[in-house]
Amino acid sequence: MNEPLHTDIAVVGAGIVGVACALQLARQGRRVTLIDRQAPGMGASYGNAGHLATEQVFPIADWSICKRLPRMLLDPMGPLRLDWKYLPKALPWFTRLLFNLRPAPYQRTVAGLRQLNEGSLEAWQRLLTSIGRSELFHGSGSLLVYERPESQRALAALCERMQAQAVPVQRWSADAVREAAPQLSSALLGGLFFPRTGHFIDPYRVVGALFEAAQAHGVRFVQAQVEGGQVQADHVRLVSDRGTFRASQVLVSCGAHSAPLTRALTGKRVPLDTERGYHLMLPSEGARLPFAVTSLERRFIMTPMEAGLRLAGTVEFAGLQAPPAMQRAWQLHRLSQGLFQRDLSSEGATPWMGMRPSLPDSLPVIDRVGEGRVLLAFGHQHLGLTQAALTAEWIGRLAERPAPAELAPYRLARF
Ligand SMILES: Cc1cc2nc3c(=O)[nH]c(=O)nc-3n(C[C@H](O)[C@H](O)[C@H](O)COP(=O)(O)OP(=O)(O)OC[C@H]3O[C@@H](n4cnc5c(N)ncnc54)[C@H](O)[C@@H]3O)c2cc1C
């Protein structure tokens, strides 16, 4: 590209958030250019657990993380892992995370997550219906199971905290678990069922379906790495390895990589880090479960998908540059042993690592700054798939007018 490419809105980052936003903006009549250094949907949105996790209304960590810190540093296979080489970089982020667990910021986080999660199921139903692809979502609920008698109190306490936040939740006995999911081990003692949740049969295909719809609405895709940008009097200039772009507005939706472009366009440093997570896809085990099942004690999720059973989870703090530690993905198979009547087969299994974009107050940035020229939608941590459809509706409104009061929890200016 020798001449700058002119567009109404440049959306940088074609993950689930960017693609859903691009489609929304195109439907509002905007000329949209979607830019990504990879093909659409190859970031965190490729391999997540596919769970529409509307029940998750609490911050990503609680005070017990202080107790767990030594183990996080020493146990490379634990569900929570902090690479000691990354410790100096992670410390300021962890400090802010703890600061946000004080009562007032904690309440703000819960209110902000509730507002997003409570609207997410309907937003996804609207979006999938509008593109004629409702079959990609199964609204069959999801289940949290426990297996140790001493976990019963923790489960009951969690249930009460969720009910206090109006999360629809049912307590299930061991018999109820067996009846609904007969392949699970009879050693399981019961669980919590979340009826207003569900799962996508392939998160990557969801991005693909939205991308196809976006292209049909005129969205143009350019594969380029955006390296910087400036807000000018009447436009925004983006610099990429494929030339420059000139746009009336820019949306930053680069997931865990959103901080440098946000800084270039707004001057603000956002404390964005990544909680790296892993999946192991088991191609021959897709029919084992009727819905997504999470183990309370083993801390991972199993989602039945079109291409098999996806075991996913674990949190690793090791930054954006370190290579994946794929043994963590294989560890998920070991963790699954004993959860079923017959152990899962790992034949033909494929591992994957992705980068959750996480801010220390567990809320995303969804905002409009720079006199309306810069839109921001990133930092959705473990909930980016869940919240993408509603985020896109909000970004559609922010493209037209200043942020309403209810979007205050997601403002960039909170940092
Ligand atoms: C193991 C795991 C399980 C998860 N399970 C769930 C779940 O069950 N439910 C749920 O709701 N969420 C889940 N998540 C979280 C969810 O996947 C993320 O929150 C979500 O995918 C973030 O979407 P995104 O579009 O913001 O980022 P991404 O999908 O990462 O997309 C960002 C895009 O920006 C591009 N990009 C970055 N920088 C640049 C640049 N400078 N120039 C051009 N392009 C750039 C990247 O190439 C990428 O394609 C999970 C995550 C992981 C890792």
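**A guided look at the model**

Leu 69 is found in helix α2, which covers residues 64–74. Helices here are DSSP runs of H or I with at least four residues, strands are runs of E with at least two, and both are numbered from the N terminus. Keep in mind that this is a predicted model: local features need pLDDT of at least 70, side-chain atom pairs count only at pLDDT 80 or more, and totals for chains, interfaces and linings use all residues. Residues are numbered from 1 along each chain as its sequence is written.

**Leu 69**

- Leu 69 counts as partly exposed because it has 14 C-beta neighbours inside 10 Å. A residue is buried if 20 or more other C-beta atoms lie within 10 Å of its own, exposed if 12 or fewer, and partly exposed in between, with C-beta atoms placed from the backbone.
- Leu 69 and Arg 81 are 12 residues apart in sequence, and their C-alpha atoms are 8.6 Å apart in space.

**Around the ligand**

- Which residues come nearest to the ligand? Of the 41 residues around the ligand, they are Gly 15, Gly 43, Gly 255, Gly 277 and Gly 384. A residue is near a molecule if its C-beta atom, placed from the backbone, lies within 6 Å of it.
- Elements giving two or more residues to this shell include α1 (16–27), β14 (273–282) and α10 (384–400).
- By class, the shell has 18 nonpolar, 20 polar and 3 charged residues. Ala, Val, Leu, Ile, Met, Phe, Trp, Tyr, Cys and Pro count as nonpolar, Asp, Glu, Lys and Arg as charged, and the others, Gly among them, as polar.

**Helix α10**

- α10 has 17 residues and reaches 23 Å from its first C-alpha to its last, close to the expected 24 Å. The expected span is 1.5 Å times one less than the number of residues.
- Is α10 mostly covered or uncovered? Mostly covered: 13 of its 17 residues are buried.

**Strands**

- Strands β11 (residues 226–231) and β12 (residues 236–240) pair in the antiparallel sense over 5 bridges. Two strands pair if DSSP finds at least two bridges between them.
- A hairpin of 4 residues joins β11 to β12, and Gln 230 stands opposite Arg 237 in β12.
- An open sheet is formed by 3 strands in the order β3-β9-β5, with antiparallel pairing. β3 (51–52) and β5 (137–138) stand at the edges, each with a single partner strand, so one side of each is left without a neighbour in the sheet.
- His 138 stands opposite His 199 in β9.
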